[in-house]
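Have the sequence and the structure open as you go through the points.

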Number of protein chains: 2
Amino acid sequence: MLEQISASKSEILDAAAHCFMTMGADSASIDDIAASLGSTKGRIYHHFPSKGALLAAVQLRAARFTYQAVSAVADDALPPQLCLERMARAHVMEVLRSLPYHKVILQTYTGARAKTSNAFELGMQAQVRAEHRQYAELFRDQIARGIEADIFPERNLTVTVAGLMLMLNSPVFWYQPDRGAGQEFRNTIADDLAEMALASLRA
Amino acid sequence: MLEQISASKSEILDAAAHCFMTMGADSASIDDIAASLGSTKGRIYHHFPSKGALLAAVQLRAARFTYQAVSAVADDALPPQLCLERMARAHVMEVLRSLPYHKVILQTYTGARAKTSNAFELGMQAQVRAEHRQYAELFRDQIARGIEADIFPERNLTVTVAGLMLMLNSPVFWYQPDRGAGQEFRNTIADDLAEMALASLRA
């Protein structure tokens, strides 16, 4: 899933994530994103054929950011509860670091029908869903390992994984990075949520 | 917060919640909602001055459904952990019962700027936010009571309440009522999530 992207493309994605976050993905236009970059629309269209493709690229990068951070600390040699605590903490820290990307995911994760009939955009949306599932598998595997080893009680895995992931994503709903909340508060959020997530898996 | 509404108004709100859920709140029109009711737009406009007002009424009813279900079982005479477990279970059961309303909340809970400048709609949106806060207070109060009594470890209350509520709302993101999942599965979801939520508050 990892991919090297150019500094220019990365800058466009950052600006797009920020515009989609503040204006809403429906309202923000390629013009708005170009204006926030102080560049031409041509620079954006050089990398992304449409606004829908740019939006899907932001969503894909969100999944890859967390996948990268969490797979780096996941280790099957560790007991599952310790492995999961590290993964949970890494997830929260990454979500707080790349927050606009995850706010955009939240906006577009509505369960309503897809608004596009463009084959390229539909293909990218399918890839976003596939990579999100693949990411959730990292957690699902460790939870299943813990249930198998009788460390965690038997529970419905779909219910458990979704409940855990939503708890770990909760700051996306309320955290405002520009309200002076610094590194210390981010650590508190990551520590408290990783601890709660782990405790939730116990009997 | 409780309010008696007519059967006709209730039917309009149910149809609106369902249309907003499946088509997306941005795409669904008063025409779509009237068509799904098999009635005229006039019937809807008799109760709701605009689509924005109807959308806010759906959001307000979502908050009131859960407030009603949860305040009915909240009881300060109970130990906080027992009280919270009942509240958690009642919340999940109610969310599954009135699912379309909560899917709409999810769609519109994006953190992006309000799209309306209509004073009536802005006023209703402020009321929705106030009643949602008031609802979360029910949980916050019991968690604070448990921390004070040394039953739960000291944690940041904002982080804790949001993490707990998102865990309890997780089925809104994935549950599909029309895929043959019946009452037994709903009970499993409510039991597992109430148990996980309570466990997450422990050390």
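**How chain A and chain B meet**

1. Across the interface of chain B and chain A, two salt bridges are found (a side-chain nitrogen of Lys or Arg within 4 Å of a carboxyl oxygen of Asp or Glu). In one salt bridge, Glu195(A) pairs with Arg155(B) through their side chains, at 2.8 Å from N to O.

2. A word on the basis: this is a predicted model, in which local features need pLDDT of at least 70 and side-chain atom pairs pLDDT 80 or more, while totals for chains, interfaces and linings use all residues. Residues are numbered from 1 along each chain as its sequence is written, chains are lettered from A in the order in which they are written, and side-chain values use heavy atoms, without hydrogens and water.

3. How many residues touch? On chain B, 39 residues are in contact (heavy atoms within 4.5 Å) with 39 residues of chain A.

4. Together the two chains bury about 3,400 Å², 66% of it on carbon and sulfur atoms; this is the accessible area (1.4 Å probe) lost on being put together, summed over both. Val159(B), Phe173(B) and Met196(B) supply 17% of the area that chain B buries against chain A, more than any other three residues.
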